[in-house]
Amino acid sequence: MQLGEKILLLLFTAQLVCAQTPQYTLDWYYNTGSSVVDLSHADLDFDGVHEILASSLDGHLYAIALNGSLVFRYYVTCPAYSIHATDADNNNIPELLIGNCRHVEAINPQTQEFWKYNAGLKTHKITSADLDSDGDLEIIILARSTSNRETKLIAINSTGSTLWSKRYTGTPVYDFLVGDYTDSPGLEVVTGSTKLQLYDAAGDMIKNTDLKTPIKTLHSEEDVIAVGTLGGLFFFSYDGVLLNNDSSYSYIEDLTKYGDGYLIATEKLIHHTSGQKKVVAETREPFTNVQVENLDAWAGKEIIAGSNEIIILDSKGETLWEYTPYREVTDMLIQDLDGDGFKEIVAASRDHNIYFIKQTSESAKILDAEKLYDSASKKYSQNHLPQALKDIREALKITPKRKYYGLEDKIKKQINVEQTESQADEYLTDAKQLSSGPHTEKALLQASEALKLYRKINKTSKATEAKELLRWLSVETKTTTTSTTAEKEPIKAAGNYLLPAVIILLLIMISIAAVLRHGIHIKQ
């Protein structure tokens with residue numbers, strides 16, 4: 001398929017899916033008793049489909065099925081600020097870690113508590129990672145006081161025992177990362193209030209860089225740690241070297257890598273640090289969350305942003321879908337929860353609701369057809385024709401009105417060409433084998449058939465080969481005929497002289513016999 005055709009198809013598809021067919025829909029929302037502030041997910045019943053977990057300031061953890069029905073509601077005695085699902089003890093049963101006003105409670109899918117850890121402060125973020133590379137997961141907790149004047153960063157083991165703890169006063173700590181940032185064994189933790197700090201698996205400080213401005217959000221990718229602060233954007237290498245900083249951005253709430261640059265969520269704008277469209281989105285209220293995901297597993301990534309709106313943008317920054325809750329979005333979970341190949345969006349809001357956004361069934365069908373078409377195009381270009389034909393026919397079953405630039409006819413034509421060429425090759429091979437024996441006339445017929453088929457499918461080089469063989473066979477057949485005729489001529493000539501000689505000899509013999517008879521009569 002030509003490049004121009006592919007570009008036209010992609011543009012047409014984008015228009016078809018986005019303009020004619022709504023691509024996303026708010027499938028349902030679930031109302032809790034207060035603001036929903038954190039989201040996670042886990043397969044609670046081991047059926048391959050994940051349930052949504054949401055912590056609410058009404059003091060409950062909510063487990064919601066993908067159809068919007070309540071699986072269970074678990075009370076934690078005071079506002080639930082965070083939720084994290086993990087399998088810290090490697091028993092293939094998820095632990096649900098709920099952070100409330102003082103504690104982290106660990107419960108199983110049957111809501112049975114098996115330990116509780118006293119962090120002493122409101123637990124705003126929980127994650128898990130194998131810090132010391134021993135095969136067991138450690139749990140890292142970020143907790144802050146109500147006044148935000150005290151922060152703790154705590155690492156505990158899978159049974160709820162403290163491994164190490166760091167305390168900060170004054171400017172609060174809002175975020176941390178866990179990753180492999182050095183050549184040392186194990187993982188490291190990056191965090192900080194106004195100083196960017198790097199801790200090893202045992203909690204010992206490795207780096208401490210003063211940025212002199214409050215750190216709001218962190219992101220690591222491609223050997224770079226991006227730091228969003230109230231006073232600018234900083235980029236560090238994994239070994240702690242400052243690569244660049246940009247003070248043109250301020251009050252950065254969230255950031256993520258996107259293409260050659262970063263998407264920066266500030267108070268009311270989302271900026272792109274690299275690209276033609278510097279301002280990607282704008283809203284009335286501060287953006288709290290920005291993520292980049294390939295929602296449909298095809299044709300590029302989408303930008304998903306949360307503020308007082310939930311916005312889905314394409315790679316050019318054009319709005320694909322938007323929805324306005326009653327209050328701002330606090331968190332977003334983007335995951336293929338049901339394993340259908342499309343990622344769902346779950347948004348938590350201060351309006352007490354959990355919002356579930358997914359692909360519309362019609363757009364999902366169209367995208368499935370486009371994926372099949374894309375697969376058929378690739379297989380066609382690789383000359384895997386039977387598989388290509390199967391894929392394009394499946395695509396046409398889904399969207400029978402689409403012609404896909406006549407790809408089915410092109411594939412069938414190419415299959416016919418290959419079959420014709422194969423038949424011609426057989427004729428040519430037979431002709432070559434017969435040419436060295438006494439069956440040159442049959443070889444002539446086979447070569448002639450091969451030539452006809454090669455010309456039919458425009459196989460010039462092979463047609464030339466068949467033509468040369470045909471010419472040689474014609475000469476050879478003529479030579480053989482002439483040679484045979486020449487061999488018969490002396491026999492024919494001898495035959496022409498033999499008959500009169502025989503006749504003369506007979507006549508002489510008759511004459512002699514007559515003379516002899518006459519001589520006998522005289523003597524008598």
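I looked up the residue classes in the lining of the largest pocket of this predicted model: 19 are nonpolar, 17 polar and twelve charged. Nonpolar covers Ala, Val, Leu, Ile, Met, Phe, Trp, Tyr, Cys and Pro, charged covers Asp, Glu, Lys and Arg, and the others, Gly among them, are polar.

I noted the conventions. Numbering starts from 1 along each chain as its sequence is written. Local features need pLDDT of at least 70 and side-chain atom pairs 80 or more, while totals for chains, interfaces and linings use all residues; side-chain values use heavy atoms, without hydrogens and water.

I checked the pocket itself. On a 1 Å grid over the protein atoms alone, a pocket is an open set with protein on both sides within 12 Å along at least five of seven lines, a cavity is a set of points where a 1.4 Å probe fits but cannot get out, and lining residues have an atom within 4 Å of a point. Volume is the space filled by probe spheres set on the points, which are joined across faces, edges and corners. The largest pocket holds about 2000 Å³. Of its 48 lining residues, Asp-38, Lys-125, Asn-289, Thr-330 and Asp-331 lie nearest the centre. Strand E30 gives the most to this lining, seven residues. Strands (E, at least two residues) are DSSP runs numbered from the N terminus.

I then turned to cavities. I found one of 30 Å³ or more, with about 90 Å³ of space in the largest cavity. Its lining includes Val-190, Lys-207 and Phe-236. E16 supplies the largest share, three residues. By class I have six nonpolar, four polar and one charged.

How values were computed. Helix = DSSP H or I, 4+ residues; strand = E, 2+ residues; numbered from the N terminus.
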